Amino acid sequence: MNVFSKPMQETDRIGVEPAAHDGLLAAVSRLQPREACAKLGSALEGLSDTEADARLKKFGPNIVARERKATILEELWGRARNPLNALLLTLATTSYFLGDVRAAVVIAVMVILAITTAFVQEHRSNEAAAKLRAMVHTTASVRRVPSRSEDPFSEIPMERLVSGDVVRLSAGDMIPGDLRLLEAKDLFINQSALTGESMPAERHAPACDGGSEDALALPNLCFMGANVVSGYGTGVIVQTGSNTFFGQLAHEIAGRRVPTAFDQGINKFTWLMIRFILVMVPAVFLINGVTKHDWLEALLFAVAVAVGLTPEMLPMIVTVNLAKGAMAMSRQKVIVKRLNAIQNFGAMDVLCTDKTGTLTQDRIILKRHLDIQGRDSERVLQYAFLNSHFQSGLRNLLDKAVLAHVELEQTLNIGSGYSKLDEIPFDFSRRRLSVVVAREDGKHILICKGAVEEIFSVCTNYALDAEVGRLDETHFEAAKQQTIALNSDGFRVVAVAYKEMEASKTTYSIEDEGGLTLLGYIAFLDPPKESAREAIAALARKGVQVKVLTGDNEIITRKICHEVQLDPGEILLGARIAQMSEAELAEIADRTTVFAKLNPAQKEQVVRALHAKGHVVGFLGDGINDSPALKAADVGISVDTAVDIAKESADIILLEKSLLVLAEGVTEGRKVFANITKYIKMGASSNFGNMFSVLGASIFLPFLPMAPIQVLTNNLLYDFSQTTIPTDNVDEEYLASPRKWDIGNIFKFMVFIGPISSIFDYATYGMMLYVFDAWNNPSLFQTGWFVESLLTQTLIIHIIRTAKVPFIESHASPALIATTVIICTVGMTLPFTWAGSALGFEPLPWHYWPLVAAMLVTYAVLTHLVKVWFIRRWGL
């Protein structure tokens, strides 16, 4: 029987019975590797492409639920599902059953307008992001038969993996499914997303004895959602997609994100308005019922007032603003994974970044290969090449620069002259990597490459040409000076050492990295990026301080910083951070610009320390060592070439690693925040003023100040005029500094600006009652207040939208001006049309217009003066 075309048997049950998940994993964990593969209808060599395709068709792609693209209906439901829409639909239903069908229709139209506008913009944003996201692939290294190249493993999109696939794991990889290890070497994984345990756990390949009932604790199993911290291994996929542990927990895990200050602020404002409604509406109902003795009309009016007080366009304004920001960033080839991250961009006042590829060109070139006396050495280059060639972990830019010397493959006769015996993988505590190779002559050589200090610490001898001698303090001092000189010239330096091993030795560990012979150094050049200086200056002008967090040493970091005109000041080293308390680190981190020789945990510590000082922190990183800091930051930013775990941890992915793009992102974030805040300030102050106007009118008027259908029509027209707020221009002065959510400032603005509209509402009452004698003409009174109320509400956005003098020093967007003109025109002409008659309006006398125009001018001037005073006192 051909095992590669063998139909699935055990795996036919996968995904059908979730309860069997633990049982299948436990069963394969107790089997030997070959038997485990056979149980899954596979083999150690992997599946055939034909069988893999058949399984993919049968069980679907390897995608968890939270990654699936939402359908149009799901997107619509996502826009419709919020407390404001629920309130409005309840009011529409109430109006319908009370017999006011027109009111129910108008309310329903408001809801449809808000949902549709938000849906269209967000759908466009999602489509644009999807096109960009298709350019960013998360892949897995899989072994299929027959192999099409010398390397039996090839990269395929992770979603095409199926149960039975044999995959290779190395540092930086995401675990692509629930799998059983077939082999492992110093393999450590982080599965905190599943267990909450932050410390990496070591994993081994041998069969288990079945002692543990918890599948997550079995040492030869790895689970989707975890990532490889260090080491390497191979494994056979047992479960994929939503059938994995991660897939079953995906919705819960996705929901664990702590709401940002922006989320909390929007929610607080929403519930503040709802509380206003809960107090206001019963009061209006009772007052009108008692004074006018028509309880049904009073109830319908109270319902209309509730609709008028509801900021029903808020979800639409928020969504459209965020989606518009995402669209603008997509044009810069920036993928926004989480819309709220755009707003956090605007609030960001500290950007932490590594220097490689951000301040430098990310085009690392191997320029020097030197012996311990600083002379060119071909032997150093050859040993470095062997180390990079045979290591199976994540190949970084330094390795790629070494392997660019392809002529050494022929010189060294790597194909037949050397064979790999073992490997001691890189980790961030040792900061070095070793491979053990066998030469043609039978000798076994351990070749170690890594950070200069770490290599020095395990060397006892040196090799110079044919001479081998004992290292002493003079050698170490000379090596130190040579390294400093190279660093000062902008070179990154890596040391190379070796040790001849006994041919009888079969397994190797970290303990074997001792008594090494120092061979020399390889030096790399990564020139500063030309745009870095401009980008840092642009961010500084926007109030964003750039801080460099690097694992590199302080000498080369200082040189690069000077070249891009970033003053490094006193550089804080990782060794010093290790001795600090959280409070001490927070104080020092706040005034430090450059942090060097950091390990991954220390990068996260620095981000959290900056949080503790009240900063909104962005972090730009693309390496394995960046993922903890990416998760800790308010805005995690990575690039499409990053390791899987970095892309998974990020909120935003750049298709081009550039600080200039981030400067644009900061601007977009602040525009989003500004336009959302405009609507909220306007809605809050308008509703607060309307509360006094409606209560007063309900008390002293013998009729309703506006019929229920008129209130709803007023609100519908006003809502339409606000749909273009997301397109509005934002003053450069507003964009010049970070913007954070401040519900206290919004509340004060509401208290001081809101009552101004009430003053002019009461002036309109007086005008209609005493100038036009509308005591016995409710229709005329209602028409006059309808027009004045609509005009003041529609025009006031132009006063609130800027700290400057509106129309003169600051201009709204053409779209906002257009909707303002359209709605004002509709409001003024409506009383003279058949539609106005149907709504209970009547034509207004000609001398009404100059009076209301004078009111509008006076209202605008007074509101502007109070606004200017408010901004001087409390800020924007």
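**Strand pairing, burial and cavities in a predicted model**

Student: Which residue of strand 14 stands opposite V437?

Tutor: Residues are numbered from 1 along each chain as its sequence is written, and side-chain values use heavy atoms, with hydrogens and water left out. Strand 13 (residues 432–439) runs antiparallel to strand 14, joined to it by 7 bridges; strands here are DSSP runs of E of at least two residues, helices are runs of H or I of at least four, and both are numbered from the N terminus. The residue opposite V437 is I445.

Student: In strand 17, what is the bridge partner of I445?

Tutor: Strand 14 is also joined to strand 17 (residues 491–501), by 8 bridges in the antiparallel sense; two strands pair if DSSP finds at least two bridges between them. Within strand 17, the partner of I445 is E500.

Student: Is strand 14 largely enclosed or left open by the rest of the structure?

Tutor: Buried denotes under 20% relative accessible area, exposed over 50%, and partly exposed the range in between (1.4 Å probe, protein chains only). In strand 14 (residues 444–451), 8 of the 8 residues are buried, so the rest of the structure leaves this strand largely enclosed.

Student: Which residue in the turn between strand 13 and strand 14 has a positive phi?

Tutor: The two strands form a hairpin with 4 residues between them. In that turn, phi reaches about 95° at G442.

Student: What is the turn residue with a positive phi in the hairpin of strand 15 and strand 16?

Tutor: Strand 15 (residues 459–464) has 5 of its 6 residues buried, and pairs with strand 16 (residues 467–470) in the antiparallel sense over 4 bridges. Across this pairing, N461 stands opposite R470. The hairpin leaves 2 residues between the strands, and the turn residue with a phi of about 55° is D465.

Student: Which strands stand at the edges of the open sheet of 8 strands?

Tutor: The pairing in this sheet is mixed, and its order is 9-24-23-22-10-19-21-20. Each edge strand has a single partner, so one side of each is left without a neighbour in the sheet; these are strand 9 (334–336) and strand 20 (572–573).

Student: In strand 21, which residue is the bridge partner of L549?

Tutor: Strand 19 (residues 545–549) and strand 21 (residues 594–596) pair in the parallel sense over 2 bridges. The partner of L549 in strand 21 is F595.

Student: How many disulfides does a search of the whole structure find?

Tutor: A disulfide requires a pair of cysteine sulfur atoms within 2.5 Å. The sulfur of C352 is 13 Å from the closest cysteine sulfur, in C561, which is too far for a bond; C352 is also buried, at 0% relative accessibility. For the whole structure, the number of disulfides found is 0.

Student: Which helix gives the most residues to the lining of the largest cavity?

Tutor: A cavity is a set of points, on a 1 Å grid over the protein atoms alone, where a 1.4 Å probe fits but cannot get out, and its lining residues have an atom within 4 Å of a point. The search finds 6 cavities of 30 Å³ or more, the largest holding about 290 Å³, where volume is the space filled by probe spheres set on points joined across faces, edges and corners. Of its 22 lining residues, those nearest the centre are G308, N690, V711, N715 and Q793. With 6 residues, the largest contribution comes from helix 26.

Student: What percentage of residues reach a pLDDT of 70 or more?

Tutor: The mean pLDDT of the protein is 84, with 91% of its residues at 70 or more. Residues 1–20, however, have a pLDDT below 50, with 34 contacts (heavy atoms within 4.5 Å) beyond near neighbours in sequence. Where pLDDT is low, the predicted coordinates should not be read in detail. The percentage asked for is 91%.

Notes:
Predicted model: local features only at pLDDT ≥ 70, side-chain atom pairs only at ≥ 80, totals over all residues. pLDDT = per-residue confidence, 0-100. 1 Å grid on protein atoms, 1.4 Å probe; cavity = no way out; pocket = protein on both sides within 12 Å on 5 of 7 lines; lining within 4 Å.
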